[in-house]
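Colleague: Thanks for sitting down with me. Could we go through the aromatic contacts, a helix and a pocket in turn?

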Amino acid sequence: MYKIALIASPNLAAHAEHLTQLLSLLDRPDVSLWCDRAFRQTLAEDFGLHPKIAGYIPSDFSPLDMDFVISLGGDGTLLRAARRVFAEGTPILGLNMGRLGFLNDRSIQEALPLIERLFEGDYTTEERMLLSVEVDGTHYGEVLNDIALLKRETGSMITLHTRLEGKELANYECDGLVISTPSGSTAYSLSAYGPLMMPQTRAMLITPIAPHSLTMRPLVLPEEQTIELTVSARNNTFLIVLDGQTKILPCGVRIRIRKSTNTLRLLHLDDYSFTDTLRKKLLWAAPVRE
């Protein structure tokens, strides 16, 4: 029996036909489907779909004991799914039903004819690096994409006192700092002019956001480095954002970021190429002139 969890975006109105087809393909005697109550309600009320659901995913973000997780949505949905399986190593199949979708394997239209491969074992998995975050010596979370330390006031910068392996790196005066994995190089860091990195790169990336000094450029670090930070700000607080999840912290806390011992396993139903993804998502294959 395959235990499969469906974790979905709430904005799937344009994909009623694809959802119907997917649920039909998963309606098998050897499949036990799980989802949260909100998605079950959406399927019934918005799409008139009533799949056989074996149980509901806990809402307390406890780990999921599943064989597979299928993410239905964009990258944000996949990041939400990933937080549930970091420690378990459960493979995630990302079906893009959003917009850009760098992390997702295929669009749901492309994936539907390949779903049978899931049960035949005809797939590959790819391990993605995670970062672990400590605040004042206490484990705070893990991320697949990035950690952002950001100012709260629009009119003033913050200062990020940064050390590598206990040695001073820089005092960044800027709007914020993004520390990302290779996977996260296509996320927030990219919008701050950080470099793209292949997912298999064994490195981390520090990207300042609107630095006061133009000499402060993005920096690629070996994956075994430990980054330590403290923040100074006019109002004595700042924002910390872990893969899109935002909290307020007081200045003076000590943040430590390092490579996690866990990894995320992304599942691919056919040949996967990050270079293909770059060409499609960033339109590198598009003609420059007509």
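This is a predicted model: local features need pLDDT of at least 70, side-chain atom pairs count only at pLDDT 80 or more; totals for chains, interfaces and linings use all residues.

Colleague: Good to know. How many aromatic pairs does a search of the whole structure find?

Modeller: The search covers the whole structure, and the number of aromatic pairs it finds is 3.

Colleague: What is the geometry of the pair formed by Tyr2 and Phe119?

Modeller: The ring centres of Tyr2 and Phe119 are 5.3 Å apart, and their planes meet at 65°. Planes over 60 degrees apart fall in one class, so with its 65° the Tyr2 and Phe119 pair is edge-to-face.

Colleague: How many residues apart in sequence are the parts that this pair ties together?

Modeller: Tyr2 belongs to strand S1 (residues 2-8), while Phe119 sits in helix H5 (residues 116-120). The pair therefore ties together parts whose separation in sequence is 117 residues.

Colleague: Is Phe119 buried or exposed?

Modeller: Buried means under 20% relative accessible area. Tyr2, at 25%, counts as partly exposed. Phe119 has a relative accessible area of 10%, so Phe119 is buried.

Colleague: Which residue lies over the face of Phe119?

Modeller: Here we look for a charge over the ring. At 4.0 Å from the ring centre of Phe119, the residue over its face is Arg28.

Colleague: And what class of pair do Phe68 and Tyr123 form?

Modeller: Phe68 is buried at 5% relative accessibility, and Tyr123 is partly exposed at 28%. Their ring centres are 5.8 Å apart and their planes stand at 85°, so the pair is edge-to-face.

Colleague: On to helix H3 (residues 75-82): why is it largely enclosed by the rest of the structure?

Modeller: The buried residues of H3, among them Leu78 and Leu79, pack against S1, S4, strand S5 (92-96) and strand S18 (255-268). H3 is largely enclosed because the buried share of its 8 residues is 6.

Colleague: Lastly, which element gives the most to the lining of the largest pocket?

Modeller: That pocket has a volume of about 380 Å³ and is lined by 21 residues, with Gly74, Asp75, Gly76, Arg99 and Gly101 nearest its centre. The lining divides into 5 nonpolar, 11 polar and 5 charged residues. With 5 residues, the element that gives the most is H3.

Definitions and conventions
Residues are numbered from 1 along each chain as its sequence is written. Side-chain values use heavy atoms; hydrogens and water are left out. Rings of Phe, Tyr and Trp (its six-membered ring) pair if their centres lie within 6.5 Å; planes under 30 degrees apart count as stacked, over 60 as edge-to-face and the rest as tilted. Helices (H or I, at least four residues) and strands (E, at least two) are DSSP runs, numbered from the N terminus. Buried means under 20% relative accessible area, exposed over 50%, partly exposed in between (1.4 Å probe, protein chains only). A charge sits over a ring if NZ of Lys or CZ of Arg is within 6 Å of the ring centre and within 35 degrees of the ring normal. Contact means heavy atoms within 4.5 Å. On a 1 Å grid over the protein atoms alone, a cavity is a set of points where a 1.4 Å probe fits but cannot get out, and a pocket is an open set with protein on both sides within 12 Å along at least five of seven lines; lining residues have an atom within 4 Å of a point. Grid points are joined across faces, edges and corners, and a volume is the space filled by probe spheres set on the points. Ala, Val, Leu, Ile, Met, Phe, Trp, Tyr, Cys and Pro count as nonpolar, Asp, Glu, Lys and Arg as charged, and the others, Gly among them, as polar.
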